[in-house]
Amino acid sequence: MADLRAPRGMHDVLPEDSPLWRHIRRAAERTAARYDYHEIITPIVEDESVFLRAVGAESDIGSKEMYSFEDRGGDRLALRPEGTAGVVRAYVEHGMASRPHPLRFWYFGPFFRYDRPQAGRYRQLWQFGVELIGDPTPAADVEVMDLQRSFYAELGLTDLTLRINSIGTPETRRRYVEALREHLAPHVATLSKDSQRRFETNVLRILDSKDDAGHPAVQSAPAIVDYLDDEDSAHFEAVRGYLDALGIAYTLDPRIVRGLDYYTRTVWEFEPPEAGGQSTVGAGGRYDGLIQLLGGQPTPAVGFGSGIERIAINLRDRGLAEAIEVVPVDAVTIPLGEAGPTAALKLASRLREAGLLVRNGTPGRSLKAQLRSAGNSGARYALILGDGEAAEGTVQLKPLAAEGDQRALPVADVPAALKRTP
RNA sequence: GUGGGUGUGGCCUAGUGGUUAAGGCGCCAGGUUGUGGCCCUGGAGAUCGGGGGUUCAAGUCCCCUCACCCACCCCA
């Protein structure tokens, strides 16, 4: 066992895993472009207060899952635990309020949460997310949901279920929490230990409890949608109408409550059909209060974040990861003798300028060893260059994964011979 | 933070308390001087996660610890 290893909960993406990641990233880029979203790249580190104000110092993320530290100048900084706060900070800092609204952003990058690792949960995780800022209409919520749906569909994940809920305003939640507490109070003693704890700390979470899912008091609990005011109700109604019009299937789930403080009104999650532990692939919601919270003008906004690792897990589970195309090597040079290495270097360079994908062989190894390694690389051709070939300006073109017989040909003719036939 | 499971070369695995820890995959080399894939031969590579203990003897039993996996919790 190596004594040096990646930090706990953090993973290397090895070259053999990269094609899958690139595949996902490209799907994200293409989807965002189709909806006219623009990439924003914010620092991986922010002032700690950016996150504390956004996610709430009381939330788990804010209170115990942040990688916070003091830099040499004494500033309190933190590795970003999520994407929205940084985007909103940039929006406010750069005075984007004066740009024509709405504004559409997307991001793709690593995030950090100090949490105990398990399946689908990592201390460094990657997310693709979008933010639509300055559009208060229900159509904006649905545009973002539809973008997310389209992203998954492009990857072949067409069986995810969309669950939605509305959690209204902070005021709605306050009233609802009160009602919920009142409803559950007589039954606290019969709930699980975790739920008893949550009764004090975070009542909403009881609705999410695995242990108490079948508990009569939990099943008969009031739903937050019944506590929405007229405007929030109308908004949610409209969201559902648009989803229906688009033919996007969804289920109402009154148990989606959210750990982050900044969400308002519509919240949603995409989950695989056989939902297990860390199964949510991506989740989003409206956050009409956040921009003001971070020092901007009151501005409505909506967005989602989606975990790349969880997407990768789902693609692998469904056998969708193998189908990803890897561009094959066109040729491998095989230098032999005294003059081979120079000739190989020159030919390889020339072929690459012609747009071909060429691996240069390692001088000094036997022909047999070089051919073996060339064959394993999946290359279409081997280009054998020894003293004889160098002297007469030719090369032995040997098909490996391609059709045909080996033949000698002038170096100048190689680019044409290697041209891929479509 | 809580609970359960698992740690043997790069990977997968074998190994009733008893010589130098075995095999497969992979890697390297060779099977005559320049021709891959199949086959054959050889080689490199493991202080059996780490530390303590029991024993004449520990990969094997006990304790501690670390890591990974899984679940809770939490979250996207």
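I take helices (H or I, at least four residues) and strands (E, at least two) as DSSP runs, numbered from the N terminus. For pockets I use a 1 Å grid over the protein atoms alone: a pocket is an open set of points with protein on both sides within 12 Å along at least five of seven lines, where a 1.4 Å probe fits, and lining residues have an atom within 4 Å of a point.

This is a predicted model, in which local features need pLDDT of at least 70 and side-chain atom pairs count only at pLDDT 80 or more, while totals for chains, interfaces and linings use all residues. Residues are numbered from 1 along each chain as its sequence is written, chains are lettered from A and ligands numbered from 1 in the order in which they are written, and side-chain values use heavy atoms, with hydrogens and water left out.

**Pocket**

I looked up the second largest pocket. Its volume is about 240 Å³, taken as the space filled by probe spheres set on the points, with grid points joined across faces, edges and corners. Which element gives the largest share of the lining? α11 does, with 4 residues. Both β6 (124–133) and α11 (308–317) supply at least two residues each. The lining includes His 11, Asp 12, Trp 21, Tyr 122, Trp 126, Glu 309 and Arg 316. I sorted the lining by class: 6 nonpolar, 2 polar and 4 charged residues. Here Ala, Val, Leu, Ile, Met, Phe, Trp, Tyr, Cys and Pro count as nonpolar, Asp, Glu, Lys and Arg as charged, and the others, Gly among them, as polar.

**RNA strand B**

Next I turned to the RNA. I call a residue near the strand if one of its heavy atoms lies within 4 Å of it. There are 48 residues around RNA strand B, and Arg 8, Arg 113, Arg 198, Arg 205 and Ala 283 come nearest. By class I find 11 nonpolar, 17 polar and 20 charged residues on this surface.

I then checked polar contacts (pairs of N or O atoms within 3.5 Å). Arg 198 has a side-chain N or O atom 2.4 Å from a phosphate oxygen of RNA strand B. α13 gives the most, with 7 residues.

**Sheet**

I followed one open sheet of 5 strands, ordered β13-β12-β14-β15-β16, with mixed pairing. Its edge strands, β13 (358–359) and β16 (407–410), each pair on one side only. Two strands pair if DSSP finds at least two bridges between them. β12 (residues 331–335) and β13 run parallel, joined by 2 bridges. Val 332 stands opposite Arg 359 in β13.

**Salt bridges and backbone**

I count 23 salt bridges, each a side-chain nitrogen of Lys or Arg within 4 Å of a carboxyl oxygen of Asp or Glu. One of them joins Arg 30 and Glu 154, at 2.5 Å, N to O. Arg 30 lies in α1 (residues 18–34) and Glu 154 in α5 (residues 138–154), so the pair ties together parts 124 residues apart in sequence.

Last, the backbone. His 101 and Pro 102 are joined by a cis peptide bond, omega about 0°. Pro 102 sits in the loop between α4 (84–93) and β5 (103–112). Asp 36 is not a glycine, yet has a positive phi of about 65°. Asp 36 lies in the loop between α1 and β1 (38–39).

Key. Polar contact = N/O pair within 3.5 Å; in protein donor to acceptor, adjacent residues only side chain to side chain.
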